[in-house]
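Good morning. Please look at the model on the screen while I go through a few of its features.

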Amino acid sequence: MKEFEFFTKLETKNQEELLASSTFMKVPAGMQLYSQGDICSTILFLTKGRVRVVRQHENGQSVLLYYFEQGEQCNVNFTSTYNSAPAVGTAIAETELEGYDIPVELIARLFVEDKEFQKFVFDQYTSRLEAMATMIEDIRFSSLDTRILHWLQSQDENIVHISHEELGDIIGTSREVISRILKGFENNNIVKLSRLQIEIC
């Protein structure tokens, strides 16, 4: 927990209680942390890796809500746990993860009593709202091929290991549409395609 900026600003007794109550965990890439509709029982504070949070439609398609990474915490997870409410999305580990699970009883008390922790939580909500506002703007004003290209270019590596179905879930369209657009990119020497891999030229 010492990796989080808010930790050193907490009262000493709260620091000690967080350290005593936190459970260190590792999660393999590809694992679902929780599914849409679940009621979460603990809150994950991520110290390593990246998580994708998606909203699933009844037709089976999904759309990306946001990512969260090391030093962050998931708003869907927090809201579900804090309010004992069904999660409004599904969280998937994009990479191997490390972090700490914290019991909701402690988090609820800290949220009420400690202004530094409260500020951290609200900062997370602000970040998520900005990300979702950008996503809505992109859906409204950008074409699918532009959104796909921007997403590919935003990745850390030139070679992205992902299936067309997974990319469709992130962008919010079908595998068939993703495959057609990527094939057009390949024909124009923008990408090179192979199984579960997209290389940006």
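Predicted model: local features only at pLDDT ≥ 70, side-chain atom pairs only at ≥ 80, totals over all residues.

Residues are numbered from 1 along each chain as its sequence is written, and side-chain values use heavy atoms, with hydrogens and water left out.

Helices first. Helices (H or I, at least four residues) and strands (E, at least two) are DSSP runs, numbered from the N terminus. Helix H1, residues 12–21, and helix H3, residues 104–113, have axes that come within 11 Å and cross at roughly 160°. Axes here are lines fitted to C-alpha atoms, for helices over the stretch in contact, and angles run from 0 to 180 degrees between N-to-C directions. H1 and H3 are therefore roughly antiparallel to each other; angles over 145 degrees count as that, under 35 as roughly parallel, 65 to 115 as roughly perpendicular, and the rest as oblique. On the H1 side, the contact is made by Lys13, Asn14, Glu17, Leu18 and Ser21, and on the H3 side by Leu106, Arg109, Leu110 and Glu113. Contact means heavy atoms within 4.5 Å.

Now the rings. Rings of Phe, Tyr and Trp (its six-membered ring) pair if their centres lie within 6.5 Å; planes under 30 degrees apart count as stacked, over 60 as edge-to-face and the rest as tilted. By this rule the count comes to 15 aromatic pairs. One of them is phenylalanine 78 with tyrosine 125, edge-to-face, at 6.4 Å centre to centre and 85° between the planes. Phenylalanine 78 sits in helix H2 (residues 75–83) and tyrosine 125 in helix H4 (residues 115–141), 47 residues apart. Is phenylalanine 78 buried or exposed? It is buried, with a relative accessible area of 4%, whereas tyrosine 125 is partly exposed at 26%. Buried means under 20% relative accessible area, exposed over 50%, and partly exposed in between (1.4 Å probe, protein chains only). Elsewhere, Phe4, Phe6, Phe45, Phe117 and Phe120 form one aromatic cluster.

Last, the backbone. Most residues other than glycine have a negative phi. Serine 84 has a positive phi, near 50°, and is found in the loop between H2 and strand S6 (90–93). Asparagine 189 also has a positive phi, about 60°, and its place is the loop between helix H7 (175–187) and strand S9 (191–194). Serine 84 is exposed at 53% relative accessibility, and asparagine 189 is exposed at 61%.
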